[in-house]
Amino acid sequence: MTAPRHVAPSTPPSRKSSRTERKSLMKSYFVTTPIYYVNAKPHLGHAYTTVVADALARYHKLSGEDTLFLTGTDEHGDKIVQAAEKEGKAPKEFVDGISARFQELWPQLGVANDRFVRTTDEQHIRAVQRFLQKVYDAGDIYFGEFGGHYCYGCERFYTEKELENGLCPQHQTKPEFISEKNYFFKMSKYLPWLREYIEQHPDFIRPERYRNELLGMLDSGGLEDLCISRPKSRLTWGIELPFDKDYVCYVWFDALLNYISALGWPEGDYARYWPGEHLVAKDILKPHGIFWPTMLKAAGMPLYKRLNVHGYWLVRDTKMSKSLGNVVDPVDMCRRFGQDAFRYFLLREMHFGSDASFSEDAFISRTNADLANDLGNLFSRVLSMCAKYCDSKVPEAGPLNDEDKAVAELAADALRNFRQLFGNVQFSQALESLWELVRALNKYVDAQAPWTLYKNGDTLRLGTVMQVLLTAMRKVAVCVWPVMPQASVTLLRQLGQDVSDTAVPVASLDAEEDDFTLLTPGTALAASSNLFPRRDMPAPTTPPAGEKKAKKEKKAPAAATPAPGEISFDHFKAVDMRVGTIRHAEKHPDADRILRLEIDFGEGQTRQILSGLAEYYAPQDLIGKQVCAVLNLAPRKIRGLVSCGMVLTAEKDGKLCLLQPADAMPEGSGIA
Ligand code: MSP
């Protein structure tokens, strides 16, 4: 075992460098969200992308980078005109109202964007016209006659090949055939180059499934030149083409340019921050993966660094939609449960790239387990012990023994994994590795039993144990800042750290990784901590009216009212049962009949489950066996150890037998 490295305080620069000079020496990081349409109010989906961007921006700030985080609103096009008409408003009046709603929303979710771009901003309009002129002058825009299937919902033309049974693949509506003269961008000229670029840059589009999807699109032969204008006779709410006043720019060509117009391209901060990283959901993969890089190439500009594509948030496995009445309101969630818990849930529950299902049950069981039981409990018990045993002051410590050093090493590993995964947009896995440390610290409390040290008057050892805990807890509190900024600040203050509400809590995460310098003795600590209260599960509800209707259309059998002694299907579905593989088994140190199992449920989730199997199975015989378990049972403490779930068994003649799947299953497979 190697002792953790201690980092000396950094030496001050030999002369005072100016703020701009220092910034220019720093690595820069620029992250964007899509600019959202202003025809509807923001929901969980918009909140997710923006919270992820905020967390990434905060993470890069914490890593000491010169970071810029941009979001905004997309305000041109047919859809907006139609939405404005519905409300009897002029387009500009309408977009001003909804754009303001987006801008007001973000702080309520703890989102601190550095810039907000609107496609009706003068600076944006000028940049779009400049870009169009540049590509036109280079000969990559031409005028031609075109007939195509136009979907008003998507605001784009579809080729015959792209339609599904003659319908728009997104909206399942029949597009209108429109034939008119328009301007075209020679996109097809750049497609072979783009294919090669994507092949040669495996990290350009991530996760890999979306890269493959794009390569599939490029190979399908369905891509042609891009129609980039709309005649004013049909639409006036757009940016006028600089080379033809009878036309406005196609909304996507206009919108994509927000990523550089907001930087003040070609001047301003463009050189400082471009190229940046984009975050989008899979619905807008094509404009970001095909239109945008070819547009940049045609203008002779560097491509973006990376496109990060995530899946959809679903509600009861269905897409959120107003007509189904299942749209989740992020502001309401934050008001009821707090912005930190909401942000934590979003980042922990969705595996970036895959779809995820939102439900209040899932929200409550996740936040109860991770925040109330693991993190909240750790802070609460350690701080109240410090109040009782050390007068709420950081105590003096003696030398670290092997167990203490193992904690320091675990902290270094957890931080290293956390950083690598977080930077790789694997937020869920990153948080899981940090929580391995949180759970290990709770175990360390149990194993070191500070109450016994206190009873025995072993003050120095007691001080060391509390110091090891407080030091590791400080690291956890720093690392959660990108995800739970308010909670991070509160936890750090409870540990006596002097942090501001808005600035990054430490100068750089680099120094945090291997350094295990203990806290300054004498620092005042909070006497208690109760940041994450446990929540009760909501009573099962009947699905909203619209959802019932949708189910009916699919001819689902009507849900029967449970008879006495029966449970409803909703109750049954609320039980999270999964297959897992036992990785470790041993006897409970203080309970003869109980085995302590570590069970792997896939995607980095390993749980400790206690089970009364000791009389029937030898621990070594269980390793590698697959079992079925209930995961969302409230954790239970059995003689000092916490059981997070229950393994399913059957009983015959008083003997317990483990239930196993008939065939080997991937870890985490759901049982229904
Ligand atoms: N205006 C365009 C984007 C132009 S960017 C140059 C647009 N706007 S949108 O309002 O429809 O936003 C789409 C984005 O909202 C998705 O890519 C995603 O970021 C977010 N989401 C909307 N619904 C979502 C889910 N159900 N789940 C996850 N994210 C979703 O497209």
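Select Arg156 and show what surrounds it: leaving aside residues up to four places away in sequence, Arg156 touches His149, Tyr150, Cys151, Glu162, Arg230, Tyr250 and Lys286. Arg156 lies in strand β5, residues 156-158. Its relative accessible area is 16%, which is under 20%, so Arg156 is buried.

Before going on, colour the chain by confidence. This is a predicted model, with a mean pLDDT of 89, and 91% of the residues reach 70 or more. Residues 1-17 have a pLDDT below 50, and this stretch has 18 contacts in the model beyond near neighbours in sequence. Over residues 542-560 the pLDDT is also below 50, with 11 such contacts.

**A pair beside the start**

Lys286 and Glu162 form a salt bridge, and their closest N and O atoms are 2.7 Å apart. Lys286 lies in helix α11, while Glu162 is in the loop between β5 and β6 (176-185), so the pair ties together parts that are 124 residues apart in sequence. Lys286 counts as buried, at 14% relative accessibility.

**Along β12 and α11**

Strand β12 (residues 277-281), helix α11 (residues 285-298) and strand β13 make a right-handed β-α-β unit. β12 and β13 (residues 306-310) run parallel and are joined by 5 bridges. One of the pairs to pick out is Ala281 with its bridge partner His310 in β13. β12 also runs parallel to strand β1 (residues 28-37), with 2 bridges between them; here Val31 stands opposite Glu277.

Arg306 is buried, with a relative accessible area of 19%, whereas Asp203 counts as partly exposed at 39%.

**A three-stranded sheet**

An open sheet of 3 strands has the order β9-β11-β10, with antiparallel pairing. β9 (229-231) and β10 (240-241) stand at the edges with a single partner strand each, so one side of each has no neighbour in the sheet. Between β10 and β11 (residues 244-249) there are 2 bridges, and the bridge partner of Leu241 is Asp244 in β11.

**Two nonpolar cores**

Which residues touch the most other members of the largest nonpolar core? In this core of 112 residues they are Trp313, Leu347, Leu375, Trp435, Leu470 and Met484. Helix α14 (residues 360-390) gives the most to the core, with 13 residues. Centre on Leu375: its contacts include Trp435, Val438, Val476, Met484, Leu491 and Phe532. Another core, of 64 residues, lies apart from it; Leu70, Val128, Tyr247 and Trp292 are among its members.

The whole structure has 47 salt bridges. For one of them, select Arg583 and Glu667, whose side chains meet at 3.5 Å, N to O. Arg583 is in strand β17 (residues 577-588) and Glu667 in the segment after β25 (655-658), so the pair ties together parts that are 84 residues apart in sequence. Both are partly exposed, Arg583 at 43% and Glu667 at 30%. Finish with Arg348, Glu349, Arg366, Asp370, Asp374, Glu432 and Arg439, which salt bridges with shared partners join into one network.

Definitions and conventions:
Residues are numbered from 1 along each chain as its sequence is written. This is a predicted model: local features need pLDDT of at least 70, side-chain atom pairs count only at pLDDT 80 or more; totals for chains, interfaces and linings use all residues. Side-chain values use heavy atoms; hydrogens and water are left out. pLDDT is the predictor's confidence in each residue, from 0 to 100. Contact means heavy atoms within 4.5 Å. Two strands pair if DSSP finds at least two bridges between them. Helices (H or I, at least four residues) and strands (E, at least two) are DSSP runs, numbered from the N terminus. A crossover is right-handed if, with the strands pointing away from the viewer, the path from the first strand over the helix to the second runs clockwise. Buried means under 20% relative accessible area, exposed over 50%, partly exposed in between (1.4 Å probe, protein chains only). A nonpolar core is a set of buried Ala, Val, Leu, Ile, Met, Phe, Trp, Tyr and Cys residues joined through side-chain atoms within 4.5 Å. A salt bridge is a side-chain nitrogen of Lys or Arg within 4 Å of a carboxyl oxygen of Asp or Glu.
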